[in-house]
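Please read it with the structure open beside you.

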Amino acid sequence: MTDHPFVQAVTAQTFDAYVLRQSQDVPVLVDFWADWCNPCKMLMPILDQLASEYDGKFLVAKVDTDQERELAATYGIRSLPTVKVFRRGQVVDEFMGALPESSVREIVERHLDRPADQIITKAQDCLDAGNPADAVALLSEALDTDPTYLKLRLSLAQAQIVAGHAHQALDTLSELPANEAMQADVKQIRARAEIAAGGQSEMSAEELTARVEKDPNDLAARLQWGKMLLSEPDKVEDALAVLIEIVRAARNQPEGEQARQCVIQVFESLGSGDPRVGPYRRQLAQALN
């Protein structure tokens, strides 16, 4: 391995110092490789070239899996090459195989600090202080100067949802290229925006509640009521119960299909790791059978 100021071979003994600590300041790409692996040898010069080009904005750590079997096992390496991206001590991204230079560059760019990151932090402070309009203004202005930054666009969409502008959030997300539009975090935020947009009603929550109490068979009102409940984070389970009951009662009617689609959106917005998804997914399946 050639000497390189931003590329270093690491072992179990030096991993913490070179990878975990330095990833507090810059991204560190850990390349798990082996000498017998031809794709590994194809990837190495690409990583070296990019490390030189970016001049220390990210580092590369090389782990010889034949020599560092325990380290490879710790990070679940089953295919070579595998590259894991560390940031602030945690794995935040990874890829396998000898990707082309353009694809590796895209992954690197995804994790480099950008000027807009400071604006995102300021906008989050505004949201925490209950000022979503200020957050939207800051992020909108930043997006004009950095329109391709996915993290910035997602932050703007989330702020727009909090500010009550769900349709604007959907517009913000509609401008993403196809490869980014299908990412899990994008789909999750889009689902939240669709739910928020669908929960908007000309009637107040009190009016909808009264209408449902007067006529429990008014499926249109119950559907709108369930959607409105979704706008309140602490009432998501109440909303799911309402919507699934509509699916059960109106399986062959438009309201039943709309309720089913809304429940699917909720699952997507919560993410597969949310403990509520599994039980309610089973309830939905029972309601459909």
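Predicted model: local features only at pLDDT ≥ 70, side-chain atom pairs only at ≥ 80, totals over all residues.

1. **Length of helix α7.** Helix α7 covers residues 150-162, which makes 13 residues.

2. **Buried side of α7.** Which residues of α7 are buried? They are Leu150, Leu152, Arg153, Leu154, Ser155, Leu156, Ala157, Ala159 and Gln160. Note that the list includes Arg153 and Gln160. The buried residues pack against α5 (116-128), α6 (132-145) and α8 (166-174). They also pack against α9 (178-181) and α10 (184-198).

3. **After α7.** Glycine 164 follows the helix. Its phi is positive, near 85°.

4. Side chains of opposite charge can pair when their charged atoms come close. The count for this model comes to 15 salt bridges.

5. **Lysine 62 and aspartate 31.** Lysine 62 lies in strand β3 (residues 59-64) and aspartate 31 in strand β2 (residues 28-33). The pair therefore ties together parts that are 31 residues apart in sequence. Both lysine 62 and aspartate 31 are buried.

6. **Arginine 87 and aspartate 113.** Arginine 87 sits in strand β4 (residues 82-87). Aspartate 113 sits in the loop between α4 (101-111) and α5. The two are 26 residues apart, and the pair links distant parts of the chain. Aspartate 113 has 51%, so it counts as exposed.

7. **Aspartate 117 and lysine 151.** Aspartate 117 is in helix α5 and lysine 151 is in helix α7, so the pair ties together parts 34 residues apart in sequence. Aspartate 117 is buried, with a relative accessible area of 14%. Lysine 151, at 45% relative accessibility, counts as partly exposed.

8. Salt bridges with shared partners join Asp31, Asp48 and Lys62 into one network.

9. **A cis peptide bond.** Where is proline 81? It lies in the loop between α3 (69-74) and β4. The peptide bond that joins leucine 80 and proline 81 is cis, with omega about -10°.

10. **Positive phi outside glycine.** Aspartate 55 is not a glycine, yet its phi is positive, about 50°. This residue is in the loop between α2 (38-54) and β3. At 58% relative accessibility, aspartate 55 counts as exposed. Arginine 88 also has a positive phi, near 55°. Its place is the loop between β4 and β5 (90-96).

11. **Helices α2 and α4.** Two packed helices are described by the angle between their axes and the distance between the axes. The axes of α2 and α4 come within 10 Å and cross at roughly 45°. The two helices are therefore oblique to each other. The crossing is right-handed. On the α2 side, the contact is made by Leu43, Ile46, Leu47, Gln49, Leu50, Glu53 and Tyr54. On the α4 side, Glu101, Val104, Arg105, Val108 and Glu109 take part.

12. **Helices α13 and α15.** Helix α13 covers residues 236-249 and helix α15 covers residues 277-288. They pack at an angle of about 15°, with their axes 8 Å apart. Angles under 35 degrees count as roughly parallel, and α13 and α15 are therefore roughly parallel to each other. α13 passes α15 in a right-handed crossing. From α13, the contact involves Glu237, Leu240, Ala241, Ile244, Val247 and Arg248. They meet Tyr280, Gln283, Leu284, Ala287 and Leu288 in α15.

Methods: Residues numbered from 1 in each chain as written. Heavy atoms only, no water. Helix = DSSP H or I, 4+ residues; strand = E, 2+ residues; numbered from the N terminus. Expected span 1.5 Å × (residues − 1). Buried < 20%, exposed > 50% of the residue type's maximum accessible area, 1.4 Å probe, protein only. Contact = heavy atoms within 4.5 Å. Salt bridge = Lys/Arg side-chain N within 4 Å of Asp/Glu carboxyl O. Axes fitted to C-alpha atoms, helices over the stretch in contact; angles between N-to-C directions. Parallel < 35°, antiparallel > 145°, perpendicular 65-115°, else oblique. Left-handed = near helix turned anticlockwise from the far one by under 90°.
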